[in-house]
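Please read it beside the sequence and the coordinates.

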Amino acid sequence: MKTAIYPGSFDPVTNGHLDIIKRAAESFDKLIVAVLYNNKKKPLFNVEERVSLLKEVTKDLPNVSIDSFSGLLVDYTKENDIKIIVKGLRAISDFEAEFQMALVNKKLCPDTETFFMTTKAEYAYLSSSVVKEVHSFGGNIREFVPQCVAEALKHKHTEVS
Ligand code: ADP
């Protein structure tokens, strides 16, 4: 059984992430989407909120599960016996950092492979940061994120202001 992990911040999950999730779920037997606790970034949504939004948007994908982790990704993959890491690539600008990370992960855990999936062209511009920025200025983000994320952003905006 081929289990893959798709790690990221998902602050919040966008249609670009969801497209990678759906395509990866078709390519592997099981996909774990793992939300990283990153204390270097100040997130808009806490990890529980990000996990809960991911659960909502993947509820119709039976081979996808959601988890969270802190620390090194390779420690999580070793503990859970996962050999495949999935990453999405939007542009050349993603490539350098992802390439470096894939090599570091390979060094730390040689039996793990990183699989890169190219974004769908229509999501190439999309990132969680763009969504948060457009939303913070009152822009329409409905085409960027699933409905429940748009609702959550609306509530967050009211909470913050
Ligand atoms: P971001 O905040 O930039 O959206 P994440 O850490 O949440 O970043 O992203 C997790 C993974 O998803 C990374 O591999 C990233 O390259 C990928 N990703 C993010 N947005 C997209 C997109 N629009 N299309 C394809 N892959 C994406």
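What is the volume of the largest pocket? The largest pocket has a volume of about 1,200 Å³, where a pocket is an open set of points, on a 1 Å grid over the protein atoms alone, with protein on both sides within 12 Å along at least five of seven lines, and where a volume is the space filled by probe spheres set on the points, which are joined across faces, edges and corners. The model is predicted, so that local features need pLDDT of at least 70 and side-chain atom pairs count only at pLDDT 80 or more, while totals for chains, interfaces and linings use all residues. Residues are numbered from 1 along each chain as its sequence is written, and side-chain values use heavy atoms, with hydrogens and water left out.

**The largest pocket**

- Lining residues have an atom within 4 Å of a grid point; there are 44 of them in the largest pocket, and those closest to its centre are G8, S9, K41, K87 and E98.
- Two or more lining residues come from each of strand 1, helix 1, strand 2 (30-37), strand 4, helix 4 and helix 5 (128-136), with helices (H or I, at least four residues) and strands (E, at least two) taken as DSSP runs numbered from the N terminus.
- Helix 4 gives the largest share of this lining, eight residues.
- By class the lining divides into 19 nonpolar, 15 polar and ten charged residues, where Ala, Val, Leu, Ile, Met, Phe, Trp, Tyr, Cys and Pro count as nonpolar, Asp, Glu, Lys and Arg as charged, and the others, Gly among them, as polar.

**The ligand and its shell**

- The ligand sits in the largest pocket, which is to say that more than half of its atoms lie within 2 Å of the grid points of that pocket.
- The elements that contribute two or more residues to the shell around the ligand are strand 1 (3-8), helix 1 (15-27), strand 4 (84-89) and helix 4 (92-108).
- The ligand is surrounded by 18 residues, of which Y6, F10, G88, T119 and Y123 are the closest; a residue is near the ligand if one of its heavy atoms lies within 4 Å of it.
- This shell comprises six nonpolar, eight polar and four charged residues.
- A backbone N or O atom of G88 is 2.5 Å from a ligand oxygen atom, and a side-chain N or O atom of E98 is 3.5 Å from an oxygen atom of the ligand.
- A nitrogen atom of the ligand lies 2.9 Å from a backbone N or O atom of Y123.

**The largest cavity**

- The whole structure holds one cavity of 30 Å³ or more, a cavity being a set of grid points where a 1.4 Å probe fits but cannot get out.
- The lining of the largest cavity consists of I85, K87, E98, M101, A102, N105 and T114, and its largest share, four residues, comes from helix 4.

- F10 lies in the loop between strand 1 and helix 1, and its phi is near 50°, a positive value in a residue other than glycine.
- P12 also has its place in the loop between strand 1 and helix 1, and the peptide bond from D11 to P12 is cis, with omega near 0°.
- Most residues other than glycine have a negative phi, and most peptide bonds are trans.

Key: Polar contact = N/O pair within 3.5 Å; in protein donor to acceptor, adjacent residues only side chain to side chain.
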